[in-house]
Amino acid sequence: MKPVKVGICGLGTVGGGTFNVLERNAEEIARRAGRGIEVAQIATRQPNPKCATGATPITADIFDVVDNPDIDIVVELIGGYTLARELVLKAIENGKHVVTANKALIAVHGNEIFAKAREKGVIVAFEASVAGGIPVIKAIREGLAGNRINWLAGIINGTGNFILTEMREKGRAFEDVLKEAQALGYAEADPTFDVEGIDAAHKLTILASIAFGIPLQFDKAYTEGITRLTTADVNYAEALGYRIKHLGVARRTDAGIELRVHPTLIPADRLIANVNGVMNAVMVNGDAVGSTLYYGAGAGMEPTASAVVADLVDVARALTTDPNNRVPHLAFQPDSLSDHPILPIAACESAYYLRIQAKDHPGVLAQVATILSERGINIESIMQKEAEVQDGLVPVILVTHRVIEQRIDDAIAALEALDDVVDKVVRIRVEQLN
Ligand code: HSE
């Protein structure tokens, strides 16, 4: 059978990795796909010194690839929203299948792209958009298809996890670790996407759609970054038996779907609490299977290429199949998506870590306890660091039971209004993940 012709748009970290894996493993890939997968053209403005592109035709214009009649599959690895959207829509219009690693594109424009792809009978595959080399989209979309998914929670930004790990284990400075992550090709072009949780929210939006059968709704995801975390809170969390991770959480409740990214205390003995460096992990809980865990490299040249190439193999196998009988883009049939709403953060339920900077004199703890109990907030543990009294102020640290966030908002406002409480109350959500 004739080889499938692929055009790669973007020869940066992921594009370079994809080219190299396709070249190196060509024979194994052909044995799997039933035919060769050949890079027929590359669009890039500058060569990648890590790729021996040899005689492969190279153009500086991505639209040359999209308009090339010989190409069956366009691989979009340029990133960003605007040009990438234009590129992908044009490729679909031209009847080409698309493979992309672009989570921002799928999270923000995926509904439009999939509708257009259905109209034209082509596939848009995006395994590499979430958690790098971990085949978590395939696992949820196909492997867990018998389940009603209850929740999922993941460390889905390698850069952020790398920063938190280096800060906790080696006491390194935030900026210093971020620079290293950029040099290693982990970070986004705009690294605030990593550290402010936007990249994780893109990925969570995609996972939630596939898990619950809802349209992509990135604009409704709650996003909180890691830039305001302090070493003090990392250490108090450890003393309470927790570890702080930047987690994306999607949970189905009767009222709606929680979709939130934020720093989170996780019991230190959970497997996911011990996922370090650039590694990602996603826990998925289904009603039949229970909890499952998917782990691997969440960013980087060849790990991400691994997912891109797997998609290419999937598309190559499906080229001759009836478009109406393929695995739906968002796992559920497009006319069966649910309109279950995404909940605002105030309506989400979690446990909370609170750090209150209080004046060190009698009655303060009683006032704190009263404010919480008046709002039905149950305290799981409390710690007062007498040894850390400074200028007559003592940190009071407590962990609550699960409660709707609105009640914690009210309690924090009341605590901050007390004469005996100075500074803002620090609040970090807590998940037991059991
Ligand atoms: N910047 C992303 C990360 C790359 O660090 O996880 C992979 O999506």
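This tour visits a pair of helices and then the ligand site of a predicted model.

Residues are numbered from 1 along each chain as its sequence is written. Because the model is predicted, local features need pLDDT of at least 70 and side-chain atom pairs count only at pLDDT 80 or more, while totals for chains, interfaces and linings use all residues.

Select residues 82-93, helix α4, together with residues 103-120, helix α5 (helices are DSSP runs of H or I, at least four residues). Their axes, lines fitted to C-alpha atoms over the stretch in contact, lie 10 Å apart at an angle of about 10°. The two helices are therefore roughly parallel, a term for angles under 35 degrees.

Next, display the side chains where they meet (heavy atoms within 4.5 Å). Helix α4 brings residues including V88, L89 and I92, and α5 brings residues including L105, H109 and I113.

Zoom in on K103, where a polar side-chain atom lies 2.6 Å from a ligand oxygen atom. Then select Y186: one of its backbone N or O atoms lies 2.7 Å from a nitrogen atom of the ligand. The protein covers 93% of the 260 Å² of accessible area that the ligand has on its own (Shrake-Rupley method, 1.4 Å probe).

How values were computed:
Heavy atoms only, no water. Axes fitted to C-alpha atoms, helices over the stretch in contact; angles between N-to-C directions. Parallel < 35°, antiparallel > 145°, perpendicular 65-115°, else oblique. Polar contact = N/O pair within 3.5 Å; in protein donor to acceptor, adjacent residues only side chain to side chain.
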